[in-house]
Amino acid sequence: MRVERVDIEEYGQLGYERLGGPAGIAAHLRALVPDGASVEEAVREIVGRVRAEGDEAVRDYTRRFDTAGAEPRPLLVPEEELDEAIKLLPPELAAGLQVAIANVALVADAGVSEDVAVDLPQGQRIVLREVPVQAAAVYVPGGRAPYLSTVVMGVVTARAAGVVDVAVCAPPGADGQIDPAILGACRLCGVERVYRMGGAQAIAALACGTETVKRVDVVVGPGNLYVQEAKRQLSATTVGIDGFAGPSDLLVLLGQDASEREVRLAVLDMLAQAEHGEGSLVVAVSPAAQVGDALAETIEALVVERPTVADAACALVKVSDAREAVGFANAFAPEHLQLIGAEMEALAPMVRSAGCLFVGTASATAFGDYVAGSNHILPTGGAARFASMLSPRHFRRRMADVRIAPEGAAKLAKAGALIARAEGFEVHAESMEARVRDN
């Protein structure tokens, strides 16, 4: 694991301002890992082929990227295979998944809003209605391990939103199969349709539809840069998405009096997120040079016996005080933000830009990845400045139900016609005024 040390005070005031302040330092650290622009053209080609060729293109890319040249198995997993997979789940694992399912459902249910009616003074009523989309899909990444927890985060939240038709897709391994644990988690969550496909081609198939793959209205889930870039390219007109949920990142803020135990716990939390592999970015910030030194020494010691963390990028940042640390955090807009120690925890109300905030020594990010109840599908790459964690809102849309009484039409037409004619739209004005004449 490569570790970069940054001392903001070393830049001096002019150098700090020249870099663009906290936002400039954040951009410097983000540049340690690749962004979506690096795969834009490759993804555009994949999306174009899937849109034009359907199943055949998906099978070709599956053969090329997932099954090491072997002929892929059918894209749609038979329901009997799902039924069999749930029987293969170890009882202890199934019990752990049930805890996760219950907690995620409780939090998701709290995010579903009721319809709201607004009565306006001219006599009209506007009802803001929330309706679920008809079909959604959850992308479950492949890679080093089966992400059965992502099945829970995506499917349970979609169900809480009221979506009846929820599909899952996951890339197959070299044997052409999806890990049985993922299939078992799908069945435990009530999923009836699972596709053996991954990468940008899976997103394109779900967004556009193919001979086998049913088109959906929303696609959510984490994944590599190809997956997220495909979501971005298709989100403008073809499918709804949750946002950019790419390689993981974590920012940990530690006070200047951080204890040896707090430093070790912070490093373990950083290395846990580093397990997500290449493209992941973990950063620790403290106002104390000795804390930075302790972090560096602990990372060096713990990395040796944890080879799964070697591909991530790591940075240690020294700031002048706790408030500057939080200011930097808001500029960095991390996927996960942890505040460790009383000094930092007291500033939690100042946090404005984080996918998910974990406050206190016991609140490890890993709990949020699995069983805390918060969702682990979060905005990455700095998108937490404007985007939110996956919630029922990503699967629901608001529309206005407009009902204007005849007496209200007369009052509104007078004002509306003036605006329409000012814009040069005579027929708009005529349409409104006709309601008055017809009464």
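**Note on helix packing, sheets and buried elements**

1. Helix α3 crosses helix α9 in a right-handed way. A crossing is right-handed if the near helix is turned clockwise from the far one by less than a right angle, and left-handed if it is turned anticlockwise. The contact uses Val43, Ile46, Val47, Val50 and Arg51 from α3, and Ala200, Gln201, Ala204, Ala205 and Cys208 from α9. Contact means heavy atoms within 4.5 Å. Sorted by class, this contact of α3 with α9 holds 8 nonpolar, 1 polar and 1 charged residues. Nonpolar covers Ala, Val, Leu, Ile, Met, Phe, Trp, Tyr, Cys and Pro; charged covers Asp, Glu, Lys and Arg; the others, Gly among them, are polar.

2. A word on the model. It is predicted: local features need pLDDT of at least 70, and side-chain atom pairs count only at pLDDT 80 or more, while totals for chains, interfaces and linings use all residues. Residues are numbered from 1 along each chain as its sequence is written, and side-chain values use heavy atoms, with hydrogens and water left out.

3. Now the overall chain. It has 17 helices and 14 strands. These are DSSP runs, numbered from the N terminus: helices are H or I with at least four residues, strands are E with at least two. The C-alpha atoms fill a box of roughly 80 × 60 × 40 Å along the principal axes. Of the 439 residues, 51% are buried. Buried means under 20% relative accessible area, exposed means over 50%, and partly exposed lies in between (1.4 Å probe, protein chains only). Take contacts between residues at least 6 apart in sequence: 73% of them join residues at least 24 apart.

4. Back to α3 and α9. Two packed helices are described by the angle between their axes and the distance between the axes. Here α3 (residues 40–53) and α9 (residues 199–208) pack at about 45°, with axes 9 Å apart. Axes are lines fitted to C-alpha atoms, for helices over the stretch in contact, and angles run from 0 to 180 degrees between N-to-C directions. The two helices are therefore oblique to each other. The cut-offs are these: under 35 degrees is roughly parallel, over 145 roughly antiparallel, 65 to 115 roughly perpendicular, and the rest oblique.

5. How does α9 lie against helix α10? The pair is roughly parallel. The axes of α9 and α10 (residues 225–234) come within 7 Å and cross at roughly 30°. This crossing, too, is right-handed. Gly199, Ala200, Ile203, Ala204, Ala207 and Cys208 of α9 meet Tyr226, Val227, Ala230, Lys231 and Leu234 of α10. By class, the contact of α9 with α10 has 9 nonpolar, 1 polar and 1 charged residues.

6. Next, a sheet. It is open, with 5 strands in the order β6-β5-β4-β7-β8, paired in parallel. Two strands pair if DSSP finds at least two bridges between them. The edges are β6 (193–196) and β8 (240–241), each pairing on one side only. Strand β5 (residues 165–170) joins β6 over 4 bridges. Alanine 170 faces arginine 196 in β6. Helix α7 (residues 148–161) lies across β4 (135–139) and β5, at about 165° to β5.

7. Look at alanine 161, in helix α7. Its relative accessible area is 0%, so alanine 161 is buried. Leaving aside neighbours within four places in sequence, alanine 161 touches Val112, Pro132, Pro392, Phe395 and Arg396. Serine 391 is 230 residues away along the chain, yet its C-alpha atom is 8.1 Å from that of alanine 161.

8. Helix α8 (residues 180–188) has 7 of its 9 residues buried, so it is largely enclosed by the rest of the structure. Those buried residues include Ile182, Leu183 and Arg187. They pack against α5 (79–88), α6 (91–109), α7, β5 and β6.

9. Last, strand β12 (residues 336–340). Here 5 of the 5 residues are buried, so the strand is largely enclosed. In a regular strand the side chains alternate between the two faces of the sheet. Both faces of β12 are covered: His336, Gln338 and Ile340 on one side, Leu337 and Leu339 on the other. Strand β9 (residues 249–254) pairs with β12 in parallel over 5 bridges, and leucine 254 stands opposite isoleucine 340. Strand β13 (residues 356–359) also runs parallel to β12, with 4 bridges. Its cysteine 356 is the bridge partner of histidine 336.
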